[in-house]
Amino acid sequence: MNDNRLVFTWRAMLLAFLLPLVLVWAFDLTLGGSIGAGVDSLPRFGNAILTSYILGSLILLGNLFFYADSRQRPLAPLFGMFAAAAIGVLVTVMLLNQGDLLMEDNGSIRAQILYNVVHMFVSGGAILLSLALGLGFTFATITAQKARRTVFEEE
Amino acid sequence: MEPMTQAALWFWLPAALVPFGAWISLSSKTTSTTTFGRAVALLGIVGIVSSPWTVPDSPSSAAGHLLGFLLGPAALLLAGIYLVAFSGNVPVGRLPKSDRRLGVMSFIIGFVWFVGMHWWNLTPALNGEVNRYWLVFWPTFLLLLTCLLSGSALSLRMIGDRRATESNVMWFASAFVFLLIALAMTIDGRAVDAETFRYHLWLAGADLLGTAVGLSIAILVFGFIIFLHERALPEPDSIEPPTEEEFEQVSAIVAANIGGGGEDE
């Protein structure tokens, strides 16, 4: 597959992935065009970025222990990743302190942070379940077909 | 005991046990440690599911309540898909054909259960109100599932070889999930009305996009840190080239092991 064809394939696959989202948007517009949550989507988007960044950094920090096994246990990358996660926490606290910028229906910064973490567990569970079902359904569809026989051309 | 301490002990400690147990299980090299890790993770899940009883006043326990509601239908869906997939044409580990029917039944029951949780009276409710995390889970799950199935359908057609039939099945599945979303956007459920669903659907979209961006940044930072560390490492010491004696030894070993078609074959 040449480079142009490969780029086209990736773009088409990305568009196919986003197609239902666009259809949902169009459908919502025909129902009244409220775009649902409106301004409430922005704090959710910001909180999702920060929380997934911090939790992702912590998971990758754990992953660095395995990396360290094959590199005579260097401390620098561990410290670097820990610092990256800590910066995420600091930025979160700083932005949550800026009034209503990232605050949702929670009374305090601590409550918002705890809500963000629990929210990420729940949406992470939804993401994992849909990934498992998406992959499993694809695999099940492939294995449900009759066995193929590969025909080789005569040389 | 302080409410915060109670929540830490009965919700956050079990929540921490799940990844900790998974980490032990994945990183261990012996069977006993792997079993121990799985037991720790299971203990954590039991602790989270029990949190509505152990810490009923904590808002976080709503997540434990939801997990308890989701375990049944999610297990049925996953077990169903597993049975259907591995009772088909797989080269190894094929299950008996009868497992296929069981898998289809299991999948259908799991899906109907989920649908019943939106439109019927199976909706997870806590203290007389719909569990706030159910309104996070359900739209996120449906939205991502329809997108994944659509992406998979086109991937099968463009990358796969003669996979048009499978691709059509995936388009149909994606359209079916999209239809569910459209119905939820227009028809009220017993506990969740259409307007509430539409509101939370867009929050789910923002959530998915934000999660993808945040995880991508974390992975980029991780790669950058590894790159900086590897670049700072000194060049490895060069070793002396092989001596004549070593070359002769290697030649002897190679000569003894090439040629094939020996008398014993």
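A: In what follows, Ala, Val, Leu, Ile, Met, Phe, Trp, Tyr, Cys and Pro count as nonpolar, Asp, Glu, Lys and Arg as charged, and the others, Gly among them, as polar. The model is predicted, so local features need pLDDT of at least 70 and side-chain atom pairs count only at pLDDT 80 or more, while totals for chains, interfaces and linings use all residues. Residues are numbered from 1 along each chain as its sequence is written, chains are lettered from A and ligands numbered from 1 in the order in which they are written, and side-chain values use heavy atoms, with hydrogens and water left out.

The largest pocket holds about 1800 Å³ of space (a pocket is an open set of points on a 1 Å grid over the protein atoms alone where a 1.4 Å probe fits, with protein on both sides within 12 Å along at least five of seven lines, and lining residues have an atom within 4 Å of a point; the volume is the space filled by probe spheres set on the points, which are joined across faces, edges and corners). Its lining consists of 44 residues, and those nearest the centre are A:F121, A:G125, A:L128, B:V18 and B:P19. By class, the lining of the largest pocket has 33 nonpolar, 10 polar and 1 charged residues. At least two lining residues come from each of α2 (41-69) and α4 (109-144) of chain A and from each of α1 (3-27), α2 (31-49), α4 (61-86) and α8 (194-232) of chain B, helices being DSSP runs of H or I with at least four residues, numbered from the N terminus. The most comes from α1(B), which gives 12 residues.

The largest pocket lies between domain 1 (8-56) and domain 2 (59-231) of chain B, because both give residues to its lining; these bounds come from an automatic or database domain assignment. The centres of the two domains, taken over C-alpha atoms, are 24 Å apart, and their contact (heavy atoms within 4.5 Å) takes 9 residues from domain 1 of chain B and 8 residues from domain 2 of chain B. Together these domains bury about 600 Å², 75% of it on carbon and sulfur atoms, where buried area is the accessible area (1.4 Å probe) that two parts lose on being put together, summed over both. Of the area that domain 1 of chain B buries against domain 2 of chain B, B:F11, B:V49 and B:P52 supply 57%, more than any other three residues.

The second largest pocket, with about 670 Å³ of space, is lined by 24 residues, of which A:L21, B:G205, B:A206, B:L208 and B:L209 lie nearest its centre. This lining has 20 nonpolar, 4 polar and no charged residues, and its largest share, 11 residues, comes from α8(B).

Turning to the contact between the chains, 81 residues of chain B touch 78 residues of chain A, and the two chains bury about 7000 Å² between them, with carbon and sulfur atoms giving 78%. The count between chain B and chain A is 2 salt bridges, each a side-chain nitrogen of Lys or Arg within 4 Å of a carboxyl oxygen of Asp or Glu. B:R198 forms a salt bridge with A:D28, the closest N and O atoms being 2.9 Å apart. The pair joins two chains because B:R198 lies in helix α8 of chain B and A:D28 in helix α1 of chain A.
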